Amino acid sequence: MSQASTMTAMEFPVYGNQFPFDEWVFIKTNFLISGFHIVFFLTYIGTKTLIKTTKKPPVNLKGKTYIIPFIFLILSALIIITNFGFLVDEFTRPSWKVSDYNISDLLIRTKVLFIIPLAGIVISTSYLIKSKLTASKWLFLIISIAVFLIFLLVLKNPLTEKRNALGPIYLLLIFLFYPKLMNSNVKTTFLLFFSMIVAFPALQFLTHVDYGIADLISNPSLFLRKNDLNLGYMSLNYDAFINIGVVIEIVEENGLSYGFQSLSAFLFFVPRSLWLSKPDSSGLVVGDHLIERYDFWFANLSNPLVSEGYMNFGYFGVFLMAFLLAITIVYFLTWLNSKDYLKKAIAFYFAMHLIFLLRGDFTNGFSYFIGTLIGLYIVPKSIIYLIGIVLDQKIWVSKKN
């Protein structure tokens with residue numbers, strides 16, 4: 001709405017990112033979006049029928065109801081203790097100030113380690129649901145979940161994390177604790193609509209505030225100093241459509257990247273200091289183009305999957321992105337229907353993370369999800385597997401003796 005009002009108020013219409021309106025670019029953008037949706041829909045419908053659900057035997061919780069949540073409690077506490085200095089810096093650092101930590105360090109801390117308490121919540125909740133417990137075990141799990149929630153709130157809150165990461169996490173908690181609120185497409189759509197229209201812009205009060213926590217506590221009026229709530233609705237948070245047109249212009253001028261641009265996502269873990277020619281994320285490419293050509297003032301912008309595909313392989317890239325997205329969603333549907341609650345959690349998280357991934361850019365959306373996949377699934381599964389080996393070994397030794 002803000003972009004439309006800006007355009008109608010000018011003799012030569014421009015979008016909110018200073019990109020000029022062009023009828024041909026507008027038509028081509030809609031054509032690319034339509035093609036993406038058609039390929040996605042056909043692929044999704046065609047592959048969804050191939051899903052086969054396998055019933056696995058129930059998980060053996062003997063000896064694990066206490067020890068696994070307890071180990072994750074200890075691990076979560078150690079993460080907070082060893083990252084105390086980092087957390088203090090994040091709580092006191094205004095949103096405009098760049099973090100002193102490098103990107104790889106931030107990714108490991110915030111996307112992998114800080115998600116461990118959430119894994120503890122998922123595991124403890126699965127034990128509550130899937131097994132008949134004594135009163136003492138039930139009480140232990142309830143207390144464990146409460147402590148995990150406190151740890152999670154310390155590590156994942158609006159003062160230390162951006163909204164794109166907080167949304168999937170806290171929606172996952174709703175899914176775990178009160179699934180009836182999201183057990184149909186209508187309910188889920190309504191909740192997401194409310195989140196995007198009300199909660200998402202409102203959270204900008206905290207995630208984009210220009211002051212540290214000490215200043216905010218001593219003077220709460222600073223929350224309203226820049227009218228951040230209004231900015232949440234009138235900013236470039238919803239610029240994805242426009243930036244497809246920017247990418248069309250970039251491709252017309254520079255040609256296709258033929259997959260080179262996507263390497264910034266798939267090889268995100270390679271430090272730029274070791275790979276000097278590593279491509280910038282596509283959102284940065286879009287921002288730099290607008291700064292250079294149209295005197296824009298902000299570099300790191302969104303770039304949806306549609307234009308990610310077009311930037312790499314043209315029309316074929318758009319259809320390829322749609323095909324791969326449909327295959328990925330169908331695959332995670334098998335995880336969502338699994339009896340394994342860690343798989344359920346990852347599948348649901350991915351569904352909510354799609355809001356950020358589809359908006360782009362792909363490098364950030366992909367790397368953030370891989371970090372969460374490691375912290376919420378791979379690391380917990382590895383720990384549980386090792387604990388199982390130890391417990392089975394102890395049982396075998398005790399039987400032998």
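Is R109 buried or exposed? R109 is buried, with a relative accessible area of 16%, where buried means under 20% relative accessible area, exposed means over 50%, and partly exposed lies in between (1.4 Å probe, protein chains only).

The views below show a predicted model, in which local features need pLDDT of at least 70 and side-chain atom pairs count only at pLDDT 80 or more, while totals for chains, interfaces and linings use all residues. Residues are numbered from 1 along each chain as its sequence is written, and side-chain values use heavy atoms, with hydrogens and water left out.

View 1. D105 is partly exposed, with a relative accessible area of 23%, whereas R109 is buried at 16%. Side chains of opposite charge can pair when their charged atoms come close.

**View 2. R293 and E253 form a salt bridge.** The closest N and O atoms of this pair are 2.2 Å apart. The pair links distant parts of the chain, since R293 belongs to helix α15 (residues 282–294) and E253 to helix α13 (residues 240–254), 40 residues apart. R293 is partly exposed, with a relative accessible area of 39%, and E253 is also partly exposed, with a value of 43%.

**View 3. The side chains of D280 and R272 meet in a salt bridge.** The distance from N to O in this pair is 3.6 Å. D280 counts as partly exposed because its relative accessibility is 31%, and R272, at 38%, counts as partly exposed as well.

**View 4. Y258 and D295 are residues with a positive phi.** Most residues other than glycine have a negative phi. Y258, although not a glycine, has a positive phi of about 55°, and its place is in the loop between α13 and α14 (263–266). With a relative accessible area of 62%, Y258 is exposed. D295, again not a glycine, has a positive phi of about 60° and is found in the loop between α15 and α16 (305–336). At 67% relative accessibility, D295 counts as exposed.

**View 5. A nonpolar patch on the surface includes L78.** The patch is formed by F70, I71, I74, L78 and I81, which together have about 460 Å² of accessible area. Such patches are made of residues with over 30% relative accessible area and no salt bridge, with nonpolar side chains (Val, Leu, Ile, Met, Phe, Trp, Tyr) joined within 5 Å and like charges within 9 Å, and the accessible areas come from the Shrake-Rupley method with a 1.4 Å probe, only the protein chains shown counting as cover for residues. L78 lies in helix α3 (residues 67–82) and, at 45% relative accessibility, counts as partly exposed.

**View 6. Helix α3 packs with helix α7 (residues 135–155).** The angle between them is about 20°, with their axes 10 Å apart; axes are lines fitted to C-alpha atoms, for helices over the stretch in contact, and angles run from 0 to 180 degrees between N-to-C directions. This makes α3 roughly parallel to α7, given that angles under 35 degrees count as roughly parallel, over 145 as roughly antiparallel, 65 to 115 as roughly perpendicular and the rest as oblique.

**View 7. Helix α6 (residues 116–130) packs with helix α17 (residues 341–359).** Their axes are 9 Å apart and the packing angle is about 125°, which means that α6 is oblique to α17. P117 lies in helix α6 and counts as buried, at 0% relative accessibility. P117 and L75 are 42 residues apart in sequence, and their C-alpha atoms are 8.4 Å apart in space.

**View 8. K64 is found in the loop between α2 (23–48) and α3.** K64 is buried, with a relative accessible area of 16%. The C-alpha atoms of K64 and I384 are separated by 9.0 Å, although these residues are 320 residues apart along the chain.

Terms used. Salt bridge = Lys/Arg side-chain N within 4 Å of Asp/Glu carboxyl O. Helix = DSSP H or I, 4+ residues; strand = E, 2+ residues; numbered from the N terminus.
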